[in-house]
Amino acid sequence: FLKDEAARLKKLHRGGGLGREVCRARAAVIDALIRYLLNTAIGLVPLGKFKSSPAITVVAIGGYGRAELNSHSDIDILFLCDDRLLAKPKPEEFLQSITDTVLYTLWDVGLKIGYSVRRVRDCVEEANKDMQSKTALIESRRVAGDASLFKKMEQAVHAKCVKPHVADYIVARLEDQAGRRAKHGNAVTMQEPNIKNGCGGLRDYQNLRWMMHFTLGYSSVEDLEKQKVVSKAEAERLEAAYSFLLRSRTELHYQVDRAVDALSKAVQPKVAWQLGYTNHSPAKRLEAFMGDYY
């Protein structure tokens with residue numbers, strides 16, 4: 001299944017698929033796999049002392065939560081579970097069996113999976129200890145399992161981790177942005193730009209969305225457009241630029257066959273060629289690509 005879908009995704013990308021389109025398609029493939037595995041695991045595991053299956057939900061977080069998976073992006077998931085399943089120092093056998101079935105299968109097929117297992121109260125506690133955890137949870141997405149448990153987590157995070165901490169979060173996000181730019185270059189004209197963390201890269205757009213979520217309650221650039229904060233033309237340019245960066249990153253992953261974010265000079269001509277800059281000499285082709293990138 002994964003090999004077939006990977007081939008289809010590469011064909012979609014190389015055929016001119018938009019950056020967001022291809023990334024969302026890969027997320028949808030992983031969603032389908034995880035739903036199947038969770039349902040299978042729940043069907044196989046003995047209930048033990050429980051009369052009915054306790055609530056458990058697989059939640060996508062990080063880039064996977066945004067449904068933005070490039071071809072070699074890590075996949076981060078949260079097993080959100082009923083309080084009873086983590087009431088003791090050791091997880092209940094019911095929970096352990098389900099997580100083992102899902103995770104070992106995903107690892108065995110070669111996927112890079114990061115995971116955590118938490119109750120709603122644990123999510124709130126972790127989010128208030130760490131800005132990155134908080135950010136991951138505010139853009140989380142239910143993939144499979146109990147919908148009401150996921151809704152409970154969303155409401156708890158908003159009430160206890162977002163509303164009381166707006167000012168602190170904005171300060172932390174601006175500090176993170178300054179740190180990234182100091183490390184990866186505080187200019188949009190780097191010879192070897194970092195597509196994810198560099199100035200004007202994917203993280204800067206995501207930073208905008210996260211701060212917008214905390215201060216205004218909006219979740220997308222379309223919301224800004226509806227509220228007349230930005231014009232339709234500005235919103236379209238911003239979305240097109242972000243999609244272009246995602247498309248560039250996907251091609252970069254294909255070229256080096258691993259997760260990487262720095263667009264090195266050695267690979268730039270190959271990326272430019274595959275993204276359709278084919279009607280010029282190599283020098284002009286690269287100039288056109290980098291002009292669009294910047």
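Predicted model: local features only at pLDDT ≥ 70, side-chain atom pairs only at ≥ 80, totals over all residues.
User: Which element gives the most to the lining of the largest pocket?

Analyst: Several elements give two or more residues to this lining, including β2 (75-81), α6 (131-138) and α8 (166-184). The residues nearest the centre of the largest pocket are G62, G63, D76, K196 and R203. The most, five residues, comes from α6.

User: And which element supplies the largest share of the lining of the second largest pocket?

Analyst: The second largest pocket has a volume of about 500 Å³, and 24 residues line it, with A6, R26, S71, H72 and L111 closest to its centre. At least two lining residues come from each of α1 (2-14), α2 (19-44) and α11. The largest share is six residues, and they come from α1.

User: Now to the surface: is W107 buried, partly exposed or exposed?

Analyst: W107 sits in helix α4, which covers residues 93-108. Together with Y104 and Y115, W107 makes a nonpolar surface patch of about 330 Å². Buried means under 20% relative accessible area and exposed means over 50%. The relative accessibility of W107 is 32%, so this residue counts as partly exposed.

Conventions. Residues numbered from 1 in each chain as written. Heavy atoms only, no water. Patch = residues over 30% accessible without salt bridge, like charges linked within 9 Å, V, L, I, M, F, W, Y side chains within 5 Å. Areas by Shrake-Rupley, 256 points an atom, 1.4 Å probe, with all protein chains shown as cover. Salt bridge = Lys/Arg side-chain N within 4 Å of Asp/Glu carboxyl O. Helix = DSSP H or I, 4+ residues; strand = E, 2+ residues; numbered from the N terminus. Buried < 20%, exposed > 50% of the residue type's maximum accessible area, 1.4 Å probe, protein only. 1 Å grid on protein atoms, 1.4 Å probe; cavity = no way out; pocket = protein on both sides within 12 Å on 5 of 7 lines; lining within 4 Å. Points joined across faces, edges and corners; volume = space filled by probe spheres on them.
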